[in-house]
Amino acid sequence: MKLLMENWRKFLKEAAGPQTINKIQDAIIQAGGEPFIVGGAVRDSFIEGAPESKDIDFIVTGLPLDEIEDVLRGLGKVSQVGKAFGIVIANVDGEDFDISIPRTGEKKTGPGHADFEITTDPDAPVGADLGRRDFTMNGLAKDAQGNIVDDFGGLEDIKNKT
C-alpha cells in the first residue's frame, strides 16, 4: 500500500465538519477497525477549484459490517439500505455517511442496475476495494492520520489531467 503524507488542511474542503469525521474515525479505531475516507472527497481535495465535497464515504477494514453498525449506532441513526452491497448509511450530527467494508468482487446477475452479487471481505486491504473503481483518481483513500493511499497512480493522473 503506497502512503503519501499530506497536509491535513488540504482536506478541510469537506462540507461535513472535521469534528464529525473525527468522531466517526475515533469510534471505528476504538472498536479495532481502520477507517479510510475514499472517492470523490479525496479526489476533489487535489483538484484546484473543486467545490466542497458533500458526500463523504468511508471504507473500514478490520471489522465486519455488523460490528460497524453497532459502533455507529452509538453516534447516530444507522440504515441498512445497502447492506447487501456491504454498505450502511450512518446519520451522525445530521449528516449522512456511506460506510462500507472492502468489496473484493462483483458479478452481474441480471439486467437491472442493482442486479449484482457482491463479495466483501472486512479483512481485505483497502487497496482491494480501490482497485475496482472506475478511474484511478477515484481510487484514492485517506486514512485517519491524513495519509493518502494511491496504489493506482490517481494523483499523477490528476496532476496530468488524465
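Where in the chain is the place of D96? D96 belongs to strand β6. Helices (H or I, at least four residues) and strands (E, at least two) are here DSSP runs, numbered from the N terminus. The model is predicted: local features need pLDDT of at least 70, side-chain atom pairs count only at pLDDT 80 or more, and totals for chains, interfaces and linings use all residues. Residues are numbered from 1 along each chain as its sequence is written, and side-chain values use heavy atoms, with hydrogens and water left out.

The chain contains five helices and 10 strands. Its radius of gyration is 15 Å, close to the 15 Å that the globule rule gives for 162 residues, so the chain is as compact as a globular protein of that length. This radius is taken over C-alpha atoms, and the rule is 2.2 Å times the number of residues to the power 0.38. Along the principal axes, the C-alpha atoms fill a box of roughly 40 × 40 × 25 Å.

Of the 162 residues, 43% count as buried. The chain exposes about 8400 Å². Carbon and sulfur atoms supply 49% of that area. Accessible areas come from the Shrake-Rupley method with a 1.4 Å probe; for residues, only the protein chains shown count as cover.

Contact means heavy atoms within 4.5 Å. Among contacts between residues at least 6 apart in sequence, 57% join residues at least 24 apart. The chain carries 18 positive and 29 negative charges, and their mean positions are 4 Å apart. Lys and Arg count as positive and Asp and Glu as negative; His and the chain ends are not counted. Each charge is placed at NZ of Lys, CZ of Arg, CG of Asp or CD of Glu.

Helix α3 spans residues 65-73. Its buried residues are L65, I68, E69, V71 and L72. Seen down the axis of α3, these residues fall within an arc of 165 degrees, so they line one face of the helix. The arc is that of the directions from the helix axis to the C-beta atoms. An α-helix has 3.6 residues a turn, so residues three or four places apart point the same way.

Leaving out residues up to four places away in sequence, L72 touches I24, V78, V88, A90 and I99. L72 and K23 are 49 residues apart in sequence, yet 9.9 Å apart in space, C-alpha to C-alpha.

Strand β5 holds V92. V92 is buried, with a relative accessible area of 0%. Beyond its neighbours within four places in sequence, V92 is in contact with T20, K23, I24, L75 and F97. V92 and G105 are 13 residues apart in sequence, and their C-alpha atoms lie 29 Å apart.

The loop between β5 and β6 contains D93. D93 is partly exposed, at 45% relative accessibility. Its phi is positive, about 55 degrees, although D93 is not a glycine. K161 also has a positive phi, near 55 degrees, and is a residue other than glycine. K161 is found in the segment after α5 (154-159). K161 is exposed, with a relative accessible area of 77%.

Strand β6 contains both D96 and S100. D96 is partly exposed, at 47% relative accessibility. Not counting residues up to four places away in sequence, D96 touches I89, A90 and N91. D96 and V78 are 18 residues apart along the chain, with their C-alpha atoms separated by 9.3 Å. S100, in contrast, is buried, with a relative accessible area of 12%. Apart from neighbours within four places in sequence, S100 is in contact with F58, I59, V60, G86 and I87.

Helix α2 (residues 40-45) includes D44. D44 counts as buried, at 14% relative accessibility. The C-alpha atoms of D44 and P125 are separated by 23 Å, and the two residues are 81 apart along the chain.

Methods: Buried < 20%, exposed > 50% of the residue type's maximum accessible area, 1.4 Å probe, protein only.
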